[in-house]
Amino acid sequence: MSGNSTQKFFVTTPIYYVNDQPHIGHAYTTLAADVTARFHRLAGRDVFFLTGTDEHGQKVAQSAAAAGITPQQFTDNVSQNFRDLTKLLNFSNDDFIRTTEPRNIAAAQALWQAMAKAVSPDGQPAIYLGSYSGWYAVRDEAFYDEAELNDGPDGGKLAPSGAPVAWVEEPSYFFRLSAYGDALLALYEAEPDLVAPSSRRNEIKSFVKGGLRDLSISRTSFSWGVPVPGDEKHVMYVWLDALVNYIAALGFPEKGEGSPYDRFWPADLHLVGKDIVRFHTVYWPAFLMAANLPLPQRVFAHGWWTIEGQKMSKSLGNVIAPSQLVETYGLDQTRHLLMAEVPFGNDGDFSHKSAIRRINADLANGIGNLAQRTLTLIQKNCEAAVPEPGQFADQDKILLDAAYSLYRNVEADLRLQSFHEVLRAIWSVIAGADSYIDRNAPWALKKTDIARMGTVLYVLAETLRALGIVLQPFMPETMARLLDQLAVPADKRDFAALGEAGSLVPGTALPPPQGLFPRIVEAE
RNA sequence: GGCAGCGUAGCUCAGUGGUAGAGCAGGGGAAUCAUAAUCCCUUGGUCGGGUGUUCAAAUCACCCCGCUGCUACCA
């Protein structure tokens, strides 16, 4: 089916840890992936968009025990919250993987076996059995150096996070990460786009340059995990069975010609939060190198949201649930807000005041008002049908060309995850259209030059059509309504229909216009 | 402490050697097709401070002040 001519695009979100309720941060990452996936689909590419949940580990087992249910029941419940989030925000993921599914377990064991057979760059086995000891905080699922610890109240020790730690010692398999430093540094040099933004690349490079220690990749102290093949007392350390999800969802270890793995791996883009960059740009490539599998093309780490200037935290009680945003502002308003408000990769602040300002300025006063005034003029003055254009003047061509070339002009920024730049470029066309409509005053032309009025309104309708098409990745639902109001057929809504290939046909009947984005008026 | 980065208009930021920019906010005017939305014009910055290199520095170098990230297994 998919010939060589069809490009593919595989985009992933992290799998979200089920010990947490979905919040604005999760929604943000998956939204960026959704916009990316929708964009590439409209460009005619073969897209696979994956998200899911991370469900193993000691903390999950303990939370389940505390709730008096089995880990499986516990993860079933919480995973569903994340699945619901994809519906709530209209995400178009092609799959939703859970690390507890048989396919993920099978993939994790296959990856383990491939790594276990491998020889690291220093000529030794890539995986070996040793023992791990250290100060461990269950709550953080993290080991800490002695130097980091503080004295607790009852003579115990506390992690920097305040979590109690205990000295643990257990047999553990290790991955010989220490042997992969040079290969990783060479990778960062050869593939400068692998780690983005560049500030993260610098951090990762200096981290690797500082020397890598071998990585403990199994535990015997709990059992809620993937059994290590051939030594079932051990379960895999959570990050190994988490990262493998990206290929498990493609059917790995099945990798024959025509398989999803063959079609989509390596990933074109792993979107991650800045806290898990290292896992994706150090451990994951090293695992793949050991298993002799291709490496992802790009890992992009976005920033954090603060809320009204404050860090989001459970103790402050200011964690924002995505459902709350959608209720307050509307679905597509929320999607636009998150993508437009902050350069992706930077930290940003969410405030109610600036949310309203942006939604009213960009959506109600911007694209919404432009659509409303144009469609109303056509409705009233052109017998509710697409007007007949005459010869295009230079200014007509300039506006049309700007609108038609949007896809071409924003693709580079889209590929760099500069979503706010993509939107900025689109909004400059909206501003151009508003300027055009005022300069040409079609409401005055109807008395002086009815033919010219038709041309002006046609140009505006065509501009709206292009805007509607290009904005679909960001606001799919509302842009569908806009394209409905322009009577654009379902098969003329992709990027190939931009320009004259999909031009509106004069005389086509148009439905009565309906507002796209209501203005938000604050109660005093 | 070490490494990396940031500090530009009220706010968020773009701009890496050649007469200071955008969006939003503020002010004035126009228009009235439209969700009182829109358009045009405009106020506003000694580009954190200092020294230096240069014919020329927000842009390069050094110093100082302030802030941030990373420094091993936490979205």
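1. Buried residues make up 56% of the 524 residues in chain A. Please keep in mind that this is a predicted model. The C-alpha atoms fill a box of roughly 90 × 60 × 40 Å along the principal axes.

2. Now the secondary structure. Chain A has 19 helices and 18 strands. Consider the contacts with a separation of 6 or more: 76% of them join residues 24 or more positions apart.

3. Next, the domains. Chain A is divided into two parts: domain 1 covers 8-303, and domain 2 covers 327-343 + 350-502. Note that domain 2 is written as two segments. Taken over C-alpha atoms, the centres of domain 1 and domain 2 are 41 Å apart.

4. How many residues of domain 1 are in contact with domain 2? There are 22, and they meet 24 residues of domain 2. The area buried between the two domains is about 2,000 Å². Carbon and sulfur atoms give 71% of that area. On the side of domain 1, Val35, Phe39 and Leu42 lose the most area to domain 2. Together these three residues account for 33% of what that side buries.

5. Look at the polar side of the interface too. Two salt bridges are found across the interface of domain 1 and domain 2. Seven residue pairs are in polar contact there, both partners at pLDDT 80 or more. Which elements give two or more residues to the side of domain 1 that touches domain 2? They are α1 (24-42) and β14 (269-273). The largest share, 11 residues, comes from α1. By type, the residues of this side divide into 15 nonpolar, three polar and four charged.

6. Arginine 45 pairs with glutamate 411. The closest N and O atoms of this pair are 3.0 Å apart.

7. Finally, serine 120. This residue is found in the loop between α4 (102-117) and β4 (127-137). Is serine 120 buried or exposed? It counts as buried, because its relative accessibility is 3% and the cut-off for buried is under 20%. The side chain of serine 120 makes a polar contact with the side chain of aspartate 122, at 2.3 Å. Leaving out residues up to four places away in sequence, serine 120 touches Pro125, Ala126, Arg176, Ala179 and Tyr180.

Note on methods:
Residues are numbered from 1 along each chain as its sequence is written. Chains are lettered from A and ligands numbered from 1 in the order in which they are written. This is a predicted model: local features need pLDDT of at least 70, side-chain atom pairs count only at pLDDT 80 or more; totals for chains, interfaces and linings use all residues. Side-chain values use heavy atoms; hydrogens and water are left out. Domain bounds come from an automatic or database domain assignment. Contact means heavy atoms within 4.5 Å. Buried area is the accessible area (1.4 Å probe) that two parts lose on being put together, summed over both. A salt bridge is a side-chain nitrogen of Lys or Arg within 4 Å of a carboxyl oxygen of Asp or Glu. A polar contact is a pair of N or O atoms within 3.5 Å; within protein, one must be able to donate a hydrogen and the other to accept it, and residues adjacent in sequence count only if both atoms are side-chain atoms. Helices (H or I, at least four residues) and strands (E, at least two) are DSSP runs, numbered from the N terminus. Ala, Val, Leu, Ile, Met, Phe, Trp, Tyr, Cys and Pro count as nonpolar, Asp, Glu, Lys and Arg as charged, and the others, Gly among them, as polar. Buried means under 20% relative accessible area, exposed over 50%, partly exposed in between (1.4 Å probe, protein chains only).
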